[in-house]
Amino acid sequence: MKTLALDIGATKIAIATVGADHQILERVQVPSNTGESIWPVLKERLQTFKTERIGIASAGPIDRVEGTISPVNIPQWRKFPIVAEIKRIFPTASVGLLGDCTAVALAENRLGAGVGVSNMLGVVVSTGIGGGLVLNGKAFHGETGNAALFGHHSIGFNSEILCDCGRTGCLETFARGPKMVEYARHLGWTGGSDFISLAESARNGDARAIAAIDSGSLALAVGITNVLTILDIHTVVIGGGVSFAGPIYWDPFLKHFAAERLHAGFLDHVDIFPAKLQADAGLIGASIFAHELEG
Ligand SMILES: [Zn+2]
């Protein structure tokens with residue numbers, strides 16, 4: 001039986017049917033950043049599918065108890081009752097909801113870079129920073145579904161940089177792609193508009209681009225070390241657009257991470273892997289979760 005998987009993000013909602021071997025069979029998407037009502041369009045799309053098993057991965061915050069989602073970057077949806085609405089279309093289907101980064105971590109654990117590991121942190125570094133956990137071999141959601149959303153852990157309470165969430169010094173304010181670009185501009189860099197251009201400038205030896213990436217990767221190293229220190233786990237899988245930049249990002253990150261984690265006294269050995277599944281990891285994780293819900 002095919003599973004219907006949804007991955008709800010800041011710019012688009014991906015919908016896919018996924019086969020028993022976790023292969024994506026059919027994939028469509030609906031924009032989520034038009035500022036207009038999303039549900040009527042999404043509902044129309046969903047009605048063209050037939051399924052008895054649905055997995056929904058969503059950007060956070062979510063509430064797994066209530067079955068609602070309030071993605072930070074989709075302001076139209078605050079406590080949107082996605083599970084109830086989907087059950088109205090598919091009344092007999094089982095529906096599982098989980099955080100998008102938890103889904104990514106689960107997919108990487110079952111099929112990607114974290115296969116065979118009982119405990120791991122999955123990290124997505126792109127326009128935002130997200131985390132998801134697999135603990136004791138299972139997706140760990142926390143009580144509401146928002147475990148490891150560590151992009152909004154503050155790593156600088158004396159910082160003057162205000163995060164979109166309202167807090168100061170969040171990891172995201174230093175380490176997400178657009179913030180590294182902003183910091184490079186502050187240093188006088190005049191290149192393109194995104195992290196891809198910044199990484200290209202750094203590869204060409206631009207000192208300001210190199211400094212901005214160094215600073216962002218240090219922030220991520222601090223943030224990840226904090227999470228590992230709380231949980232005492234020793235495997236990390238990192239994906240997302242920024243991580244695809246290659247050695248220009250990974251080299252400074254690994255240098256900073258090696259220095260940061262040593263202070264813990266118990267993190268001398270940490271396995272750190274680039275993600276394998278890339279763009280469809282959220283859909284695949286949602287599908288795996290829907291399967292595992294049924295035991
Ligand atoms: Zn924040």
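Here are some exercises with worked solutions on the structure above.

The model is predicted, so local features need pLDDT of at least 70 and side-chain atom pairs count only at pLDDT 80 or more, while totals for chains, interfaces and linings use all residues. Residue numbers start from 1 along each chain as its sequence is written.

**Exercise 1. The two domains**

Find which domains the protein is divided into, and work out which elements form the side of domain 1 that touches domain 2.

Step 1. Domain 1 covers 3-103 + 279-293, and domain 2 covers 115-275; the bounds come from an automatic or database domain assignment.

Step 2. The centres of the two domains, taken over C-alpha atoms, are 26 Å apart.

Step 3. Next, look at the contacts (C-beta atoms, placed from the backbone, within 7 Å). On this basis, 16 residues of domain 1 meet 17 residues of domain 2.

Step 4. Two or more residues on the domain 1 side come from each of strand 5 (62-63), strand 7 (94-99), helix 3 (100-111) and helix 9 (281-293). Helices (H or I, at least four residues) and strands (E, at least two) are DSSP runs, numbered from the N terminus. Helix 3 gives the largest share of this side, four residues.

Step 5. By type, this side has 10 nonpolar, three polar and three charged residues. Here Ala, Val, Leu, Ile, Met, Phe, Trp, Tyr, Cys and Pro count as nonpolar, Asp, Glu, Lys and Arg as charged, and the others, Gly among them, as polar.

**Exercise 2. A pair of helices**

Describe how the axes of helix 3 and helix 9 cross.

Step 1. Two packed helices are described by the angle between their axes and the distance between the axes.

Step 2. The axes of helix 3 and helix 9 come within 7 Å and cross at roughly 80°. Such axes are lines fitted to C-alpha atoms, for helices over the stretch in contact, with angles from 0 to 180 degrees between N-to-C directions.

Step 3. Helix 3 is therefore roughly perpendicular to helix 9 (under 35 degrees is roughly parallel, over 145 roughly antiparallel, 65 to 115 roughly perpendicular and the rest oblique).

Step 4. Residues making the contact include A103 and L106 of helix 3, along with I284 and A286 of helix 9.

**Exercise 3. Into the core**

Find which residues touch the most other members of the largest nonpolar core, then follow L198 to its contacts.

Step 1. A nonpolar core is a set of buried Ala, Val, Leu, Ile, Met, Phe, Trp, Tyr and Cys residues joined through C-beta atoms within 7 Å. Buried means 20 or more other C-beta atoms within 10 Å of a residue's own, exposed 12 or fewer, and partly exposed in between, with C-beta atoms placed from the backbone.

Step 2. The largest core has 85 residues, and L198, I213 and A286 touch the most other members. Helix 7 gives the most to this core, 10 residues.

Step 3. Leaving out residues up to four places away in sequence, L198 touches M180, V181, A184, G191, A209, A212 and I213. Among the buried residues of helix 5 (177-186) are M180, V181 and A184.

**Exercise 4. Backbone exceptions**

Decide what stands out at P61, H22 and N136.

Step 1. Most residues other than glycine have a negative phi, and most peptide bonds are trans.

Step 2. G60 and P61 are joined by a cis peptide bond, with omega about 0°.

Step 3. H22 is not a glycine, yet its phi is positive, about 70°. H22 counts as partly exposed because it has 19 C-beta neighbours inside 10 Å.

Step 4. N136, also not a glycine, has a positive phi of about 50°. N136 counts as exposed, with 7 C-beta neighbours inside 10 Å.

Conventions:
Contact = placed C-beta atoms within 7 Å.
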